[in-house]
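Here are my notes on this one, in the order I'd go through them. Have the viewer open as you read.

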Amino acid sequence: MDFTKIIELASYTLPAIVTGFVAYRFFELHIKNNDKKRAFLLNREYQKQSLPIRLQAYERMTLFLERINLTKLLIRISPISNDKHNYENYVIDQIEQEFEHNLTQQIYMSDECWTIITTAKNATIQMIRKAAMSDKVENADKLREVILNDLLEKQSPSNAALGYIKNEVAELW
């Protein structure tokens, strides 16, 4: 083979290789773009379907926090007897039952939001227990009075958690 035949063969082969490479890259980018578009559309559809469920979970946890707000809780649950320990346990049981009823909502929320809700519940229970251990408290009515007076000085734990929920829901939009 002489040199001119090699140059002639290269002049045909080289453009074919370049064209093949460009075509390969084009189709590769096209396929990746279609995959991204398909994933975006699936994600958008998923969000469209899951958003109402997530909002419902936030609504239920908002209701939970409103129900365990000590001011509203102590007004709603009046003492059955004068024994402060019975009343303390009854109120705490109500909080725990309400929490257990809404336990499944955590799968629709961020871990941080769920932690804040749990912390608010535990802080509320701790406030009740702390007030019940006070020497000033002799009966159930006095326990209610001490807790409500304590709430005049500081914010209810459920109010802080409600603020966090409102911020997290606002981020969904």
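1. Terms first: helices (H or I, at least four residues) and strands (E, at least two) are DSSP runs, numbered from the N terminus. On that basis the protein chain reads α-α-α-α-α-α along its sequence, with six helices and zero strands in total.

2. Some ground rules. This is a predicted model, where local features need pLDDT of at least 70 and side-chain atom pairs count only at pLDDT 80 or more, while totals for chains, interfaces and linings use all residues. Residues are numbered from 1 along each chain as its sequence is written, and side-chain values use heavy atoms, with hydrogens and water left out.

3. Now the overall dimensions. The C-alpha trace of the protein chain spans about 115 × 30 × 25 Å along its principal axes. Its radius of gyration is 32 Å, whereas a compact globule of 173 residues would come in near 16 Å (taken over C-alpha atoms; the globule rule is 2.2 Å times the number of residues to the power 0.38).

4. On to contacts, meaning heavy atoms within 4.5 Å. Of those in the protein chain with a separation of 6 or more, 79% are between residues 24 or more positions apart.

5. How much of the protein chain is buried? Of its 173 residues, 29% are, where buried means under 20% relative accessible area, exposed over 50% and partly exposed in between (1.4 Å probe, protein chains only).

6. Charges: there are 22 positive and 23 negative side chains in the protein chain, and the centres of the two sets sit 5 Å apart. Lys and Arg count as positive and Asp and Glu as negative, with His and the chain ends not counted; each charge is placed at NZ of Lys, CZ of Arg, CG of Asp or CD of Glu.

7. Take a look at T124, in helix α4 (residues 111-133). Why does T124 count as buried? Because its relative accessible area is 0%. Leaving aside residues up to four places away in sequence, T124 touches I68, L70, I95 and P157. Its side chain also reaches the backbone oxygen of A120 at 2.7 Å.

8. S156 is worth a click too: you'll find S156 in the loop between α5 (140-153) and α6 (157-171). S156 has 5% relative accessibility, so S156 counts as buried. Its side chain makes a polar contact of 3.1 Å with that of S158 (a pair of N or O atoms within 3.5 Å; within protein, one must be able to donate a hydrogen and the other to accept it, and residues adjacent in sequence count only if both atoms are side-chain atoms). Not counting residues up to four places away in sequence, S156 touches N69, L70 and L151.
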